[in-house]
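Take a look at the protein below. We will go from its overall layout to its core, and then to a few contacts between side chains.

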Amino acid sequence: MDDADDTFMRSWTGTIIGPPNSVHDGRIYQLKLFCDMDYPDKPPMVRFQTPINMACVDQETGLVEPNLFPMLTNWQRKFTMEDLLVSLKKEMSASYNRKLHQPTAQGNDDRRMEQKDIVLRCVIL
C-alpha cells in the first residue's frame, strides 16, 4: 500500500522483475495500482511508473489500456493484485512483446537486477 492511513486500501505500488529470455530480463518495473470505490467489482487502474514498451501500455502515460489487456477487459471479482501483476509479467513474455525495443531507464543503471540479487530482493514472481 502507498499510504498506511488509507483505510479503503485504494492506492498500491507493485513491482515486477522482467521475465527471463526477453528484453525485460532482469529489469525492475514499478507500477501504481489504484482501486476506485467499485473495486473489486471493477478492475483497478494500472500505470507503469518505469518506462516500458508493451502493446497494452500507452507510451505517453504508462497506463495499461483495459481494452488491450485481457485480464482488465474480462475482470472478475475473484482476481487479486498478485494475479494482475503475474498476468502482466506473462504479457511481457508474449511473442508480440518479448522483443520490443525498450526505453532506457533514467538514473538507475538501466534498473537491472543480477540473478544473484533476485533471491535476496524478489518482490513478485
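A residue is buried when its relative accessible area is under 20%, exposed when it is over 50%, and partly exposed in between (1.4 Å probe, protein chains only).

Residues are numbered from 1 along each chain as its sequence is written, and side-chain values use heavy atoms, leaving out hydrogens and water.

Start with the layout. The protein has three helices and three strands. Helices (H or I, at least four residues) and strands (E, at least two) are DSSP runs, numbered from the N terminus. In that direction the order is β-β-β-α-α-α. The protein has 125 residues, and 37% of them count as buried. Its accessible surface is about 7,600 Å², with 52% belonging to carbon and sulfur atoms. Such areas come from the Shrake-Rupley method with a 1.4 Å probe; for residues, only the protein chains shown count as cover.

How far can we trust the model? The predictor's confidence in each residue is its pLDDT, from 0 to 100. The mean for the protein is 85, and 82% of residues reach 70 or more. Confidence is highest in β3, at 98, and lowest in helix α3 (residues 115-121), at a mean of 44. Over residues 107-123 the pLDDT is below 50. Where pLDDT is low, the predicted coordinates should not be read in detail.

Now go inside. A nonpolar core is a set of buried Ala, Val, Leu, Ile, Met, Phe, Trp, Tyr and Cys residues joined through side-chain atoms within 4.5 Å. The largest one here has 22 residues. Leu-31, Phe-48, Val-64, Phe-69 and Leu-88 have the most contacts inside it. A contact means heavy atoms within 4.5 Å. β2, β3, α1 and α2 each give two or more residues to this core. Helix α2 gives the most, with five. Leu-31 touches several residues beyond four places away in sequence, among them Trp-12, Ile-16, Phe-48 and Leu-88. In soluble globular proteins, nonpolar side chains tend to be buried together.

Next come the rings. Rings of Phe, Tyr and Trp (its six-membered ring) pair if their centres lie within 6.5 Å; planes under 30 degrees apart are stacked, over 60 edge-to-face, and the rest tilted. The count is three aromatic pairs. Tyr-29 and Phe-48 form an edge-to-face pair, 6.1 Å centre to centre with 90° between the planes. Tyr-29 lies in strand β2 (residues 28-34) and Phe-48 in strand β3 (residues 45-48), so the pair ties together parts 19 residues apart in sequence. Tyr-29 is buried, at 1% relative accessible area, and Phe-48 is buried too, at 4%.

The rings of Tyr-39 and Trp-75 have centres 6.2 Å apart and planes at 45°, so this pair is tilted. Tyr-39 is partly exposed, at 26%, while Trp-75 is buried, at 11%. Ring pairs link Tyr-39, Trp-75 and Phe-79 into a cluster.

Which side chains meet in a salt bridge? A salt bridge is a side-chain nitrogen of Lys or Arg within 4 Å of a carboxyl oxygen of Asp or Glu. The count is one. Asp-41 and Arg-77 are the partners, at 3.5 Å from N to O. Asp-41 lies in the loop between β2 and β3 and Arg-77 in the loop between α1 and α2, so the pair ties together parts 36 residues apart in sequence. Both Asp-41 and Arg-77 are exposed.

Notes:
This is a predicted model: local features need pLDDT of at least 70, side-chain atom pairs count only at pLDDT 80 or more; totals for chains, interfaces and linings use all residues.
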